Amino acid sequence: MTGLYDNQGVLRFCGEDRGACLAYAELFGLRDDDYTLVSLVESWDSDDQAAAA
């Protein structure tokens with residue numbers, strides 16, 4: 001899961017991967033210096049997924 005944050009620190013979009021966030025930025029005409037991409041979930045192992053279910 002990847003988040004796209006604007007320059008004010010507001011989460012503008014959350015997508016499955018970096019490509020989805022870049023597509024959002026392109027759709028709204030955001031320049032590279034208008035946003036930051038951040039990984040929202042580092043990794044889940046099977047124990048974490050079982051506990052979340």
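**View 1. Three strands make an open sheet in the order S2-S1-S3, with antiparallel pairing.** The model shown is predicted: local features need pLDDT of at least 70 and side-chain atom pairs count only at pLDDT 80 or more, while totals for chains, interfaces and linings use all residues. Residues are numbered from 1 along each chain as its sequence is written, and side-chain values use heavy atoms, with hydrogens and water left out. Strands (E, at least two residues) and helices (H or I, at least four) are DSSP runs numbered from the N terminus, and two strands pair if DSSP finds at least two bridges between them. S2 and S3 are at the edges of the sheet with a single partner strand each, so one side of each has no neighbour in the sheet. On average, neighbouring strands are turned by 20° against each other, direction ignored; the axes behind this angle are lines fitted to C-alpha atoms, for helices over the stretch in contact, and angles run from 0 to 180 degrees between N-to-C directions. Strands of a sheet pair through backbone hydrogen bonds, either parallel or antiparallel.

**View 2. S1 and S3 pair in the antiparallel sense over five bridges.** In this pairing, Tyr5 stands opposite Thr36 of S3. Tyr35 also lies in S3. The C-alpha atoms of Tyr35 and Tyr5 are 5.4 Å apart, although the two residues are separated by 30 residues along the chain.

**View 3. Helix H1 spans residues 18-27 and has Cys21, Tyr24 and Ala25 buried.** Buried means under 20% relative accessible area, exposed over 50%, and partly exposed in between (1.4 Å probe, protein chains only). Down the axis of H1, the buried residues fall within an arc of 100°, so they line one face of the helix; the arc is that of the directions from the helix axis to the C-beta atoms. An α-helix has 3.6 residues a turn, so residues three or four places apart point the same way. Glu26 and Leu27, on the other side of H1, are exposed. The cover over the buried residues of H1 includes strands S1 (2-6), S2 (11-15) and S3 (35-39).

**View 4. Asp17 caps the N-terminal end of H1.** A side-chain oxygen of Asp17 lies 3.2 Å from the backbone nitrogen of Gly19. Just after H1, Gly29 has a positive phi of about 70°.

**View 5. Phe13, Tyr24 and Phe28 are linked by ring pairs into a cluster.** Rings of Phe, Tyr and Trp (its six-membered ring) pair if their centres lie within 6.5 Å; planes under 30 degrees apart count as stacked, over 60 as edge-to-face and the rest as tilted. A search of the whole structure finds two aromatic pairs. Phe13 and Tyr24 are stacked, at 4.9 Å centre to centre and 20° between the planes. This pair joins Phe13 in strand S2 to Tyr24 in helix H1, eleven residues apart. The rings of Tyr24 and Phe28 have centres 4.7 Å apart and planes at 45°, so this pair is tilted. Tyr24 is buried at 15% relative accessible area, whereas Phe13 is partly exposed at 25% and Phe28 is partly exposed at 49%.

**View 6. Tyr35 is buried, at 12% relative accessibility.** Neighbours within four places in sequence aside, Tyr35 is in contact (heavy atoms within 4.5 Å) with Leu4, Tyr5, Asp6, Asn7, Leu22, Ala25 and Leu30. The side chains of Tyr35 and Asp32 make a polar contact at 3.3 Å. A polar contact is a pair of N or O atoms within 3.5 Å; within protein, one must be able to donate a hydrogen and the other to accept it, and residues adjacent in sequence count only if both atoms are side-chain atoms.
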